[in-house]
Structures are given as structure tokens and as C-alpha cells.
Amino acid sequence: MLDPMALLDGYTTADEFCEVFDDGVARGHYEALVERLRSMDGADLAERAAMVDDTFRSLGITFAVYGGDEGIERTWPMDVIPRIVAANEWRTIEAGLIQRVRALNAFLEDVYVGNQSVFRDGVIPSWLVTSASGFTRGAHGVRVARGVRCVVSGIDLVRDAAGTFRVLEDNLRVPSGISYVLENRAAMRRAFPLVFSQYSVRPVDDYGTMLLRALRSLGPHGVGDPTVVVLTPGIYNSAYFEHTFLARSMGVELVEGRDLVVDDHKVYMHTTRGLQQVHVIYRRIDDDFLDPVAFDRTSMLGVPGLMAAVSAGSVTLANAVGNGAADDKGVYPFVPAFIRHYLGEDPILQNVDTYLLWEDDQRRAVLDRLDEVVVKPVAEAGGKGIIIGPRATGAELDIVRAEIEADPRNFIAQEVVNLSTHPTLVEGDLHPRHLDLRPFVVAGETIEVVPGGLTRVALPEGSLIVNSSQGGGSKDTWVLADS
């Protein structure tokens, strides 16, 4: 039987930063949680975990894993030991995220409708941006309301061995996961009502209101009461649960491409009362499938003529088409320079140390120590294709070496970051597991950050891959209010 007291008293990590303990002593903002855990027995903790799992299963809170032994639908995995972020730490994170999203929006505006000063001033090579898989020539000259192309951003943060938060990557196209943030919170309130009440935790429940406010502020010029919809690819999409959740939380219609029609460069929605004009589309469909006229002609998911309506200014797409030019991992190393270029400020949040493999000197240096670094394909997501040098086999290193030499533009390398760890319930016991944090930033008339975000945890022992599709789980993230 699990004995939380004995396990937590002897809880240690090696070279990683522990979120909960500092040299064996609970950090100040974790004291109440640790005390509560020490008052519980193993059966009680396991019962609460089972209650959360049963609730998620009954509510249909799932995610999709393709090719798994258990089929494509699995119950969303949430660990019952929450992650807690102190108020002073969050202030720095929040300021850094707002700064970063401001710069990324400025960069995208500059590239697509500006004078491309970022190229003229030598901040980043133009070929690097235009060769990004997410760069969209069809977005050239297409203006967006308030210059906001990244309406919803998911910025992945990690904490290194020194305890410093760093940006691991930017997700600016159709970032997912916010619904799980809200469901995790509701579950934790039920599972740990007493300990939750001991903390002054900032709420996340008003995300729907926050997002709707931003979307409405970006409606076409002169439209006082814009109609907003959520565009989904349909029930077979892995994030369909989130699409329905968001439409419900905003009180707007959830539509598929077949529910919309373009006439005279305006978008209309089929309703029981006839056609109704749509002014803002929060789309959860990738660029390539949005409009078979402008992009992939075989797409059955999008709306023919949609990009013509966007170009005419009669409808707003959130997020804007072409954002992949900014969240390509090959462009990521230049974001601190974007902040200096557009804002005239030093970055508040630093990147992870990254090497550009299309530069000869950096590539040679990386290839000499391939077994010490992390190699990432620039256009993949969800942890796909990542090779962690210290844990890779000789054969795996040989393969990635050949791939880098054949197409260096397609890869970056980073120093291994020993992600911070946190006590996590695994197979009936509490163990240290690595985690990251994906806060969500919402930009409209102003920029707001959801206080918390999705803490993702790598459940396999020693793993640094936190993605749910790669066996990861999640934790509720408690951001504390100023005392």
C-alpha cells in the first residue's frame, strides 16, 4: 500500500529542478499540499484518481491515439497531484508571453503585409522564412483586424536544471489543449476540495468569455454585433471534444465546412431560418484544407471561396492563414531577435540553446557531438521525429546524421534540457516525472494570458517526451493570486 509520508520524506531527484521540494524541504507555496498528502493513505489517493478517471470516461473527455493497442480513443490522463505556480513566478511568465506574442504578431504582419524590414535589416534570412512548410504565399497582402494574426497561441515552456523557465516552442496555427485545462480544474475541485480551498487559485473558468471577447473585437470593420462560429473538421478529428467544448463555452455555433457557403465574397451559415452571415470564424482546420479553391483542391473539409471572402475583409479567420511561417522550429531561434527588432526590448523569457544546422560551422559542431544533443525536425509536432542523443542507439544516430547531411534545413539541434520534475501517481506510487507547461495567450483588443495552462507530464520513467500521443499525461496547474 502507498505510504505518501514515507515516499515524500525520501523524495529526491538527481540533476533536475524539483517543483515541490528544495533540498528535501517543501517549497513555501507547496507546504499545504504536502501536508495534506502526508495525512492521506494510499487507498484514499488511489480512490480519488479512479474517481477522476471515471468522471472523464463518463463525460467523454478523450483524446485520440492512432495505432495504439487500445484503439484511437482514450480517456484523458490527468494526474491528481497538481502543479502550483507562485504569484511572483507567474508575473514574469505572463509578461514574457505577452511580449513574445506581440513580437510574433509584428513579425507576421511585416512578412505578409508590411515592408519586410525583418529581411532588409538582416534579422533573419528571407529564404529561411519562405521555405518554412507553414509559409503561405496566399496570405500575402491579406490584412487582418488590428494586425492580430495569432489570436490564440500556445507557448510551450520548460524549466531547466537551474529553475529558469525557457520557451521550448511556439504553437501559432491551431494550438489545442485548453479544454483539458478547464476540465482538469473541475476534476481537481471535486477530488481535492479541502486542499483547493486552502489556496487562492486564480480561476480559468472564464476562458470562453475571454476568447469570445477577443474574437468579437476582431470582426470586420463596421460590424457592431459580429456572428462568431467555431469551424471543425468533424467528429473524427482527434480534438473534436475540444471543438464542441469551446463552441459551448462561448455560446456560438459549431459548424463544419458543409454548413457554410460563400456568396458575393461573404460567408453565410445554413440555419433553420435561412442563411445567416458569419463575420468571425475560429477555425480548427489546418491551412491546406480550409479552401479547396485556394489550397488543396481535394479537401472536403473547407469552404470553397473562403479565402476570397477573407481577402475582401468581410470575414475574419482566427488564427490567420500563414502563421506557420512563425512557429517553424527553424524560425524559433530568431524570436528573441524579433523582440529586439520590433519592440526594442530584451526578451523576458529566453529560448533553449539551439543550433542552426544549415550553417556549416554549427552543423559540423553538432555532428561531432550528436550523442549529446536533441535533434528535431522543424515541421513536425507532437514529439514526432525527435532524437534525444544520450538515449539514442548507434543506428538511430547514424540515420539522423545522414538525414541532417542530406537536408540540414529540415532540422535543428538543442542542448538537452533536464526538465523539472514533480511527484506523480504512477501505478500506485508517487514518482518524480518530467513536465512542461503550455500557457494559452489570447490576443484581441488586448492580450491576455490564461492563468495556468496545460501542464503535460511524461509518464514513462525518465522520458522527456510529454505529449499525450507519446504516452504523456497532464496535471491541473494552480496559479496563485497575489497575497
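Modeller: The model is predicted, and the strand to look at is E5, which is covered on both of its faces. On one side lie Met78, Val80, Pro82 and Ile84, and these are all buried. Buried here means under 20% relative accessible area. That accounts for 8 of the 8 residues of the strand, residues 78-85, so E5 is largely enclosed by the rest of the structure.

Part of its surroundings is another strand. E5 pairs with E25, residues 472-479, in the parallel sense, and the pairing runs over 5 bridges.

As for the chain as a whole, it holds 15 helices and 25 strands. Of its 483 residues, 56% count as buried. The C-alpha atoms fill a box of roughly 70 × 60 × 45 Å along the principal axes. The radius of gyration is 23 Å, which agrees with the value near 23 Å for a compact globule of 483 residues.

H9, residues 207-217, packs on H10 at an angle of about 80 degrees, and their axes are 8 Å apart. The two helices are therefore roughly perpendicular to each other. From H9, the residues Tyr207, Gly208, Leu211, Leu212 and Leu215 meet Leu246, Ser249 and Met250 of H10. By class, this contact has 6 nonpolar and 2 polar residues, with no charged ones.

H7, residues 178-191, also packs with H10: the axes come within 9 Å and cross at roughly 75 degrees. This makes H7 roughly perpendicular to H10. Here Ile178, Ser179, Tyr180, Leu182 and Glu183 of H7 meet Phe241, Glu242, Phe245 and Leu246 of H10. The residues of this contact divide into 6 nonpolar, 1 polar and 2 charged. Leu246 of H10 takes part in the contact with H9 and also in the contact with H7.

Definitions and conventions: Residues numbered from 1 in each chain as written. Predicted model: local features only at pLDDT ≥ 70, side-chain atom pairs only at ≥ 80, totals over all residues. Heavy atoms only, no water. Axes fitted to C-alpha atoms, helices over the stretch in contact; angles between N-to-C directions. Helix = DSSP H or I, 4+ residues; strand = E, 2+ residues; numbered from the N terminus. Parallel < 35°, antiparallel > 145°, perpendicular 65-115°, else oblique. Contact = heavy atoms within 4.5 Å. Nonpolar A, V, L, I, M, F, W, Y, C, P; charged D, E, K, R; others polar. Buried < 20%, exposed > 50% of the residue type's maximum accessible area, 1.4 Å probe, protein only. Pairing = 2+ DSSP bridges. Rg over C-alpha atoms; globule rule 2.2 N^0.38 Å.
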